[in-house]
Amino acid sequence: MAFSSFSYYNTLWILISKLKMALFLCSFLFLLVSSATACYRCVHQTKAAYFSKAPALSSGACGYGSLALGLSGGHLAAAVPSIYKDGAGCGSCFQIRCKNATLCTKQGTKVITSDLNHNNQTDFVLSSRAFMAMAQKGLGQDILKHGIVDVEYKRVPCEYKNQNLALRVEESSQKPHYLAVKVLYQGGQTEIVAIDVAQVGSSNWSFLTRNYGAVWDTSRVPAGAAAIPVCGDRRV
């Protein structure tokens, strides 16, 4: 089983140098009994709009903040509740292309879910960079003039070169009373469904709960070094 280290940054409340944690990913492969339950490889038809400014998405409901721009090169998307899934859909990747053959390319572009879309007219609201990336060379401004376009999309694996699944300690953490972490670089087609924590060498496990989006927290913080298994539901 592979292990990867955490990403850390200094806070006023946590001595990061003393907080040593290990992370491992446990994936569960769920077989789909019926094709009617879910179809993660199917191509779906919908419409897509765009935000004129990327910060509108990077400050979205998933909680990535400015880190979102580094996850996908600014190709971000706000998704409807059925895709956002109360935060479980955060970090999921989709290949999306517009259906106007004279305006757009056949391959479209890949986007990462970073926000919740409340607009019932479209499944996705994209960053302007992602929206323009669907267009043929030299037609980026033309597609922006449309505002909303017909698109088709499908779920695809997320890929992060030279990056492993990581947890980032949030500034709101207050050792030893409160720990909040943010899930980053979630590769493949996995949705995080559970995160546990225990002091290294202890069998006394407690669970973190999803606070919102990609942020999980707990008030039961181990006194010393901690192991944190991250369990995911692999979508196939």
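Me: What share of the residues of the protein count as buried?
Reply: Of its 236 residues, 49% count as buried, where buried means under 20% relative accessible area, exposed means over 50% and partly exposed lies in between, with a 1.4 Å probe and protein chains only. This is a predicted model, in which local features need pLDDT of at least 70 and side-chain atom pairs count only at pLDDT 80 or more, while totals for chains, interfaces and linings use all residues. Residues are numbered from 1 along each chain as its sequence is written, and side-chain values use heavy atoms, with hydrogens and water left out.

Me: How many helices and strands are there?
Reply: The protein has five helices and 14 strands. Both are DSSP runs numbered from the N terminus: helices are H or I with at least four residues, strands are E with at least two.

Me: And what does the accessible surface come to?
Reply: About 12100 Å², and 53% of that belongs to carbon and sulfur atoms. The areas come from the Shrake-Rupley method with a 1.4 Å probe, and for residues only the protein chains shown count as cover.

Me: Which strands close into a barrel?
Reply: Six strands do, in the order S3-S7-S4-S6-S5-S8, with mixed pairing. Two strands pair if DSSP finds at least two bridges between them. From one strand to the next, the twist averages 45°; axes here are lines fitted to C-alpha atoms, for helices over the stretch in contact, and angles run from 0 to 180 degrees between N-to-C directions.

Me: Do S3 and S7 run parallel or antiparallel?
Reply: Parallel, with four bridges joining S3 (residues 44-51) to S7 (residues 124-127). Ala48 has Phe124 as its bridge partner in S7, and Ala49 stands opposite Val125 there.

Me: What about S3 and S8, parallel or antiparallel?
Reply: Those two run antiparallel and are joined by five bridges. Lys47 has Asp150 as its bridge partner in S8.

Me: Back to Phe124. Which ring does it pair with, and at what angle?
Reply: There are five aromatic pairs by the rule used: rings of Phe, Tyr and Trp (its six-membered ring) pair if their centres lie within 6.5 Å, with planes under 30 degrees apart counted as stacked, over 60 as edge-to-face and the rest as tilted. Phe124 and Tyr153 have ring centres 4.8 Å apart and planes at 85°, so this pair is edge-to-face. Phe124 is in strand S7 and Tyr153 in strand S8, so the pair ties together parts that are 29 residues apart in sequence.

Me: Are those two buried or exposed?
Reply: Both Phe124 and Tyr153 are buried. Ring pairs also link them with Phe94 into a cluster.

Me: Changing topic. How many disulfides are there?
Reply: Three, taking a disulfide as a pair of cysteine sulfur atoms within 2.5 Å. One of them joins Cys62 to Cys90, S to S 2.0 Å.

Me: Where do Cys62 and Cys90 lie?
Reply: Cys62 is in the loop between helix H1 (55-58) and helix H2 (68-72), and Cys90 is in the loop between helix H3 (81-84) and strand S5 (93-98), so the pair ties together parts that are 28 residues apart in sequence. Their link is left-handed, with -90° about the S-S bond. Both cysteines, Cys62 and Cys90, are buried.

Me: What is the S to S distance for Cys98 and Cys104?
Reply: For that disulfide it is 1.5 Å. The link of Cys98 and Cys104 is right-handed, with 115° about the S-S bond. Cys98 is buried, with a relative accessible area of 5%, and Cys104 is buried with a relative accessible area of 5%.

Me: And Cys93, what does it form a disulfide with?
Reply: Cys158, with the sulfur atoms 2.1 Å apart. Cys93 lies in strand S5 and Cys158 in the loop between strand S8 (149-156) and strand S9 (166-169), so the pair ties together parts that are 65 residues apart in sequence.

Me: Last one: which residues does Ser128 touch?
Reply: Leaving out residues up to four places away in sequence, Ser128 touches Tyr50, Phe51, Ser52 and Leu144; contact means heavy atoms within 4.5 Å. Ser128 is in helix H4 (residues 128-133) and counts as buried at 18% relative accessibility.
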